[in-house]
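Q: Hey, can you walk me through this model? I'd like to go piece by piece.
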Amino acid sequence: MRKLKHFYFKSISFRVGVTLLIVIVIAELIAGAIWFQANEESKRESITSTMLNISSAASETYNYFQSLPVNYRHLILNQLREAGGTRFFISINNTYVLNENITGYNFTHWLSELTEKELKNKMDSAKNIRVSITRREDIRVFNSGIKLDELPEIWTKYSLVLGELNLPILVMQIEMSDQEWFYIASVLPVPFSSLSTQFLDQRQLIFLGITSILLMLGTAWILQREIRPVKSLAKAATLMGSQLVVTEIKEEGSKETRAAVHAFNKMNRRVRAYIRDREMLFSAISHDLKTPLACLKLRTEMLDDDNTKKRFEKLLNEVDLMLKGALQCIRETDIHEESEWIDISQLIGTCVEYYNRESLHITLNSPPEVRYVGKPVAIKRCVYNLVDNAVLYGGKVDISVSDSDDCLEITIRDYGPGIENKLLEKVFEPYFRAEQLDVHGSGLGLTISRSIARSHGGDLKLNNHPCQGLEAHLILSREV
């Protein structure tokens with residue numbers, strides 16, 4: 001399950017989907033920031049203009065009452081309250097009446113300061129000016145601080161009204177003398193929503209969610225159409241690693257994908273032709289060369305001169321050995337074997353028993369059960385070739401197996417003299433021998449073993465052990 005999740009997170013669908021989602025979110029954030037800035041500036045300008053008008057009217061009203069004789073002020077105030085139909089509420093109190101700014105709106109404090117500053121500019125004689133913005137149901141009036149709704153209906157029903165709208169109330173209190181505070185409240189003709197600007201409101205979030213879902217669905221549909229031929233190509237390439245000849249893939253998808261599939265199909269046809277020529281060559285070598293070689297051996301037996309006869313026999317034996325080696329190389333690296341589950345622990349255990357039948361040569365350090373999907377005969381030949389070389393040149397051999405999600409590694413170490421570092425790659429060349437003691441070998445064992453390892457998506461590597469001997473690392477990929 002963990003490997004499946006890891007594979008899903010690395011898939012192109014997941015990566016493209018996440019990338020698109022991140023791009024969408026970033027684009028929406030940038031657009032939201034631009035909209036927020038423009039909207040906030042627009043609201044500030046509109047509210048500033050409104051506040052300047054109200055401040056101007058409030059200052060004129062204050063100057064008017066300031067110019068009246070003290071005895072006439074309350075008479076004018078009573079006439080204003082009884083007349084009704086106004087969005088202003090005016091009174092002269094003996095003390096400051098506390099009306100706190102409403103919270104949760106980022107413009108209220110700024111508007112209060114702006115109004116105070118504007119009133120101070122218009123009324124130099126005012127000692128103290130305090131401004132607050134509140135709700136109609138929370139406003140307090142008169143010296144007692146009573147709520148507006150608790151006053152007689154004739155005062156409350158027609159005061160601070162602007163139709164059926166529920167609007168903020170601007171309360172301005174100006175100190176006229178030590179015992180007099182001029183109190184004027186006005187309806188602020190802007191909705192509460194204008195007192196604050198959200199970076200992303202609910203509508204934008206809904207729009208962002210719907211847009212993201214539609215884009216993700218569209219992207220998933222397009223990717224499925226584009227990835228289908230890619231998956232077919234990957235599957236065919238994997239099958240080709242085991243059997244080389246596969247059915248041609250349907251050319252579909254984008255222009256680039258069609259080009260890749262077309263190139264693969266073309267390569268597949270060339271591989272088929274190569275395999276056909278290879279089989280023809282194998283048949284030719286088996287038939288056309290062995291027959292004349294047998295005739296030459298027969299003619300050699302009929303020679304009278306013993307020295308000439310021995311020279312010809314030696315030469316023909318070398319040719320026969322090379323021919324058998326070439327045929328063995330072709331046969332043992334043949335790709336027609338089908339892959340199946342192999343019990344690696346059992347295979348190596350059987351090999352160890354075979355070489356330890358007379359004396360103890362091999363020590364095995366292997367997990368109790370290791371299974372691998374591969375060509376059983378080819379893997380067996382590869383392991384036996386490596387163990388045979390290790391026993392032949394090292395005498396004593398250690399075998400260890402390590403397994404992981406990506407590959408299977410079999411390490412075979414001998415305790416022989418090793419080989420020179422410059423020859424570690426050259427020994428894989430056909431017919432090359434690092435030691436001349438192996439007079440019976442063809443020099444193709446390591447070539448065949450590496451070819452088998454690479455046909456399983458792995459490799460065969462050699463290195464000299466720091467203490468003594470040579471190590472052979474047989475790596476078999478599990479992705480094949």
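This is a predicted model: local features need pLDDT of at least 70, side-chain atom pairs count only at pLDDT 80 or more; totals for chains, interfaces and linings use all residues.

Q: Okay, and how many bridges join S8 to S10?
A: Four bridges join them. S10 covers residues 397–403, and the two strands run parallel.

Q: What's the order of the strands in that sheet?
A: The order is S8-S10-S11-S13-S12. It's an open sheet of five strands, and the pairing is mixed.

Q: Which strands stand at the edges?
A: S8 (362–365) and S12 (459–464) do. Each has a single partner strand, so one side of each has no neighbour in the sheet. The twist from one strand to the next averages 15°.

Q: Now helices. Which strands does H10 lie across?
A: H10, residues 376–394, lies across S8, S10, S11, S12 and S13. Helix H10 runs at about 20° to S11, which is the strand at 407–414.

Q: And what does H11 touch on the sheet?
A: H11 (residues 445–455) packs on the sheet and touches S12 and S13. The direction of H11 makes about 130° with that of S12.

Q: How do H10 and H11 sit against each other, what's the angle?
A: They pack at an angle of about 140°, and their axes are 9 Å apart. Angles over 145 would count as roughly antiparallel, so H10 is called oblique to H11.

Q: Is the crossing left-handed or right-handed?
A: H10 passes H11 in a left-handed crossing.

Q: Which residues make that contact?
A: From H10, they include Ala378, Ile379, Arg381 and Cys382. On the H11 side, Leu446, Ile448 and Ile452 are among them.

Q: Switching topic: how many disulfides are there?
A: The count comes to zero. To be counted, a pair of cysteine sulfur atoms has to be within 2.5 Å.

Q: Zooming out, how many helices and strands does the protein have?
A: Eleven helices and 13 strands.

Q: And what share of the residues is buried?
A: Buried residues make up 38% of the 480 in the protein.

Q: Last one: what share of the contacts join residues at least 24 apart?
A: It's 68%, taken among contacts between residues at least 6 apart in sequence.

Note on methods. Residues are numbered from 1 along each chain as its sequence is written. Side-chain values use heavy atoms; hydrogens and water are left out. Two strands pair if DSSP finds at least two bridges between them. Axes are lines fitted to C-alpha atoms, for helices over the stretch in contact, and angles run from 0 to 180 degrees between N-to-C directions. Contact means heavy atoms within 4.5 Å. Angles under 35 degrees count as roughly parallel, over 145 as roughly antiparallel, 65 to 115 as roughly perpendicular and the rest as oblique. A crossing is left-handed if the near helix is turned anticlockwise from the far one by less than a right angle, and right-handed if clockwise. Buried means under 20% relative accessible area, exposed over 50%, partly exposed in between (1.4 Å probe, protein chains only).
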